[in-house]
Amino acid sequence: TKIAVLISGRGSNMQAIIQAAKSESYPAEIVVVVSNNPDAAGLEYAREAGIETEVVDHREFETREEFEQALDAVLKLYDTRIVCLAGFMRLLTPWFTERWRDLLLNIHPSLLPAFKGLHTHERALEAGVRIHGCTVHYVRPEMDDGPIIGQAAVPVLPDDTPDTLATRVVTAEHKLYRQCIALACSGKARVAGSRVRLQVREF
Ligand code: GRF
C-alpha cells in the first residue's frame with residue numbers, strides 16, 4: 001500500500017516507519033514524505049534514505065483550504081492511498097479529513113481520550129496519572145478524535161519530568177505506529193461505526 005508521511009519537525013516517528021518499510025514483508029511503501037515546514041529536520045533524513053520529499057509551506061497560502069488543496073494535489077500526484085500524520089502540527093479542516101476519511105492516521109502522545117491537544121506530558125504529570133502512553137487513530141474533524149487503532153502504555157515514574165516522560169512515550173510511539181500502519185494497510189483495522197474492528201489474534 002502506498003503511504004505518505006506528513007511531518008513538521010524532527011520526524012523520529014517517520015524514521016521508524018522508514019526503517020520498518022525497508023522490510024520486504026512490510027505492507028506499506030512510503031511514496032512521499034511531505035512537510036509544511038521547509039526546515040523540518042526529518043526532510044533531510046528522508047532524502048538520505050532515498051525517499052521523495054515535498055514541502056507544502058502553509059505560509060504561502062491565503063487560507064487553510066488552499067493549503068490543503070495543494071497538499072491533496074501532492075498526495076494524489078504520488079498515488080497515495082493512506083496518509084500518516086507523524087508530528088504534523090497543522091490542524092486539518094473537515095474538507096481534508098472527510099476527503100481522506102478512514103485513510104488518514106494520526107499518532108497522539110497520550111492515551112486518548114485523555115489529554116487531547118498539546119503539552120500532554122506536562123499535563124499527565126500535573127494530573128498525577130500513573131500510566132501514560134500514546135494512541136494511533138483514524139482522523140475525524142474534531143482534534144485528536146476518531147476510531148482508535150492501537151494504544152501503548154508506559155509507566156509514569158516518581159522522578160519523571162516532561163522530558164523523561166516524553167522520551168519513554170516516543171519510544172513506544174515508534175513501535176506502535178509501525179504496527180498500526182501495518183494493520184491499516186493490510187485491511188486488518190477496519191472502521192465499523194465509531195470503532196475499529198481489529199482482525200488479529202493478539203495485539
Ligand atoms: C510525537 O510525540 C508525536 O506524537 C507528537 O509530536 C511528536 C513528534 O515527534 N504529535 P517526531 O517528529 O515524530 O519525532
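Tutor: Let's start with N13, which sits in helix 1. Helices (H or I, at least four residues) and strands (E, at least two) are DSSP runs, numbered from the N terminus. This is a predicted model, where local features need pLDDT of at least 70, side-chain atom pairs count only at pLDDT 80 or more, and totals for chains, interfaces and linings use all residues. Residues are numbered from 1 along each chain as its sequence is written.

Student: Why is N13 called buried?

Tutor: A residue is buried if 20 or more other C-beta atoms lie within 10 Å of its own, exposed if 12 or fewer, and partly exposed in between, with C-beta atoms placed from the backbone. N13 has 25 other C-beta atoms within 10 Å, so N13 is buried.

Student: What makes N13 part of a "binding site"?

Tutor: That label comes from UniProt, in an unreviewed entry, which puts the feature at G11, S12 and N13. UniProt positions are in the numbering used here, feature names are shortened, and annotations may be inferred rather than shown by experiment.

Student: Where is G11, then, and is G11 buried or exposed?

Tutor: G11 is in the loop between strand 1 (2–7) and helix 1 (12–21). G11 counts as buried because 24 C-beta neighbours fall inside 10 Å.

Student: Which residues does N13 touch?

Tutor: Contact means that two C-beta atoms, placed from the backbone, lie within 7 Å. Not counting residues up to four places away in sequence, N13 touches A86, G87, I107, E173, H174 and Y177. A86, in turn, has both G11 and N13 among its contacts.

Student: How many residues surround the ligand?

Tutor: There are 13, and the closest are R10, S12, N13, G87 and P109. Helix 1, strand 5 (104–108) and helix 6 (162–185) are the elements that give two or more residues to this shell. Near means a C-beta atom, placed from the backbone, within 6 Å of the molecule.

Student: Why is the ligand shell said to lie between two domains?

Tutor: Domain 1 (1–100) and domain 2 (108–134 + 151–203) both give residues to the shell around the ligand, so it lies between them. The bounds come from an automatic or database domain assignment.

Student: What do the two domains look like where they touch?

Tutor: 13 residues of domain 1 are in contact with 10 residues of domain 2. On the domain 1 side, helix 1 gives the largest share, 5 residues. That side divides into 10 nonpolar, 3 polar and no charged. Here Ala, Val, Leu, Ile, Met, Phe, Trp, Tyr, Cys and Pro count as nonpolar, Asp, Glu, Lys and Arg as charged, and the others, Gly among them, as polar.

Student: Which residues touch the most other members of the largest nonpolar core?

Tutor: V5, I17, A86, L105 and I181, out of 52 residues in that core. Helix 6 gives the most to this core, with 10 residues. A nonpolar core is a set of buried Ala, Val, Leu, Ile, Met, Phe, Trp, Tyr and Cys residues joined through C-beta atoms within 7 Å.

Student: How do you know that H108 is buried?

Tutor: H108 has 24 C-beta neighbours inside 10 Å, so H108 counts as buried. H108 lies in strand 5, and UniProt's unreviewed entry lists H108 for "active site". Leaving out residues up to four places away in sequence, H108 touches C134, T135 and D144.
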